[in-house]
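Q: Please pick one part of this model and look at it closely. Then set it beside some other parts of the chain.

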Amino acid sequence: MFTSISFYAVIASILPLVAGAPAGPSSVSSAATLPSTSTASAPSVPKISSVLPSSGARPSSVSAASPSATDPPISDNPNDVVASPVPVRGSLGASILGPDNQAIDQQNPDLLTPPTTDQGTIGNAKWPFSLSHNRLQTGGWARQQNEAVLPMATQMAGVNMRLEAGAVRELHWHKTAEWAFILKGHTQVTAVTPEGQNFIGTVGPGDLWYFPAGTPHSLQATNDTEEGSEFLLVFDSGDFSEDDTFLLTDWLAHTPLSVIAKNFQTDTSAFADLPSQQLYIFPDTPPADNAQPPANPLGRPPNPFTFQFSQVPATQYSGGTAKIVDSRTFNISKTIAAAEVTVEPGAMRELHWHPTQDEWSFFLEGEARMTLFGAQSSARTFNYQPGDVGYVPASFGHYVENIGNTTLRFLEIFNTDRFSDVSLSQWLALTPPELVKAHLRVSDDTLNHFNKTKQVVVGPR
């Protein structure tokens, strides 16, 4: 039987965050059009916003419904984070007498001492890459997250990879598309399309690449920095595994030598030094900065496989910034869209949901708190640190709050060609006020804080 998301259950799980939330920017550009920027060389992206004007005053004659004895008001408990190794919240809980991993407790205070608004069953929505098995190679390493370690994450999987300067992630291809975000250093990528067009490009911190499923490619760290490079890879299937990658050397090591020689129209002795097993990652000479692909009568692909996302200006909101990238700006990226969001201390990514697509999150900097609302009064709160993966199933209501003292920065990533979200504040501001007041029993003054444009990142009260 299908279940629907109850409006009352949404409010019960998150109202302490709604109360007192400031109105967002009074004017923002439409997400359906590409805004122009003042920097001519910077790529432009759609803003996460609405074309409608900011909210105005509501008629004062509309009164709020009164609570009844059978339908009491919500608790006034703010349910802030309890930063204590003892699981006690008010009159609830008790100390731990048995063995305990306090380091994990301290990183997950909302699991140890959950807010009273948490209820029901929500699966685990957090996976630290620090808990992933790390594959060590000469020249680098790789560790992954997929359904095996985070069962909720059915639509996407991730790999964190490091290459020393000059090291190569060998020529390979996947059954899934590959999207990447550069964390440190610079990486040179090569690819050849099924039509025979070839490509070389170099990307740096904050930039992207994307290879459609089945497209052969390679990755190599440059020596622009002596450390080489590190990057995040995201694949558009939750059951992806690095162990299922199609590798050049692995294939040839398992093909009869006579067949290889016949294929390349040469003698078997030409392949006397062919590796007997896959290379995966191996050291090599750093590539030239001005490297060009081999001359090709078929030319270059019409859409580049790389995108300078670092050069895209972010949109400023009252509590931070956001910028998005999808197939409207990074044309070849047909299965992955993303947003890079910053949240200042005390601020939050507004209460919202994504209508049809799961969200795969990666936390780059700062300390975060997120509650997932999954309908039927089910809600659970998680905490995130740099290097953690978060996951939000489609249509689950959620927010991302900065609970630290420094700027929070994270990625929202989706298995789709176009970014989309629904703002709780905008939804209520654009709904007849009498109807909203009948649900929430709030005053006209409170309704005036509900913004008709998406706030995206809300500043502290």
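**A lysine and its surroundings**

A: Lys 452 sits in the loop between helix H8 (444-447) and strand E28 (457-458). Helices (H or I, at least four residues) and strands (E, at least two) are DSSP runs, numbered from the N terminus. The model is predicted, so local features need pLDDT of at least 70 and side-chain atom pairs pLDDT 80 or more, while totals for chains, interfaces and linings use all residues. Residues are numbered from 1 along each chain as its sequence is written, and side-chain values use heavy atoms, leaving out hydrogens and water.

Is Lys 452 buried, exposed or partly exposed? Its relative accessibility is 24%, so Lys 452 counts as partly exposed. The cut-offs are under 20% for buried and over 50% for exposed, with partly exposed in between (1.4 Å probe, protein chains only). Now look back along the chain. Leu 430 is 22 residues away from Lys 452 in sequence. In space, their C-alpha atoms are 6.2 Å apart.

Next comes helix H7, which spans residues 433-440. Four of its residues are buried: Pro 433, Val 436, Lys 437 and Leu 440. Where do they point? Viewed down the axis of H7, the buried residues fall within an arc of 100°, so they line one face of the helix. The arc is taken from the directions from the helix axis to the C-beta atoms. An α-helix has 3.6 residues a turn, so residues three or four places apart point the same way. Just after H7 comes Arg 441, with a positive phi of about 55°.

Gln 265 is not a glycine, yet its phi is positive, about 55°. Find Gln 265 in the loop between H5 and strand E15 (281-282). With a relative accessible area of 69%, Gln 265 is exposed. Ala 375 is not a glycine either, and its phi is positive too, about 75°. Its loop runs between strand E22 (368-373) and strand E23 (379-384).

Now move to a strand. Val 234 belongs to strand E13, residues 229-235. Its relative accessibility is 0%, so Val 234 counts as buried. What surrounds it? Set aside the neighbours within four places in sequence. Val 234 is then in contact (heavy atoms within 4.5 Å) with Met 156, Ala 157, Gly 158, Ala 177, Glu 178, Trp 179, Ile 336, Trp 360 and Ile 413. Along the chain, Ala 180 and Val 234 are 54 residues apart. Their C-alpha atoms are separated by 6.2 Å.

Last, step back to the whole chain. There are 461 residues, and 50% of them count as buried. The secondary structure comes to 8 helices and 28 strands. Consider the contacts with a separation of 6 or more: 77% of them join residues 24 or more positions apart.
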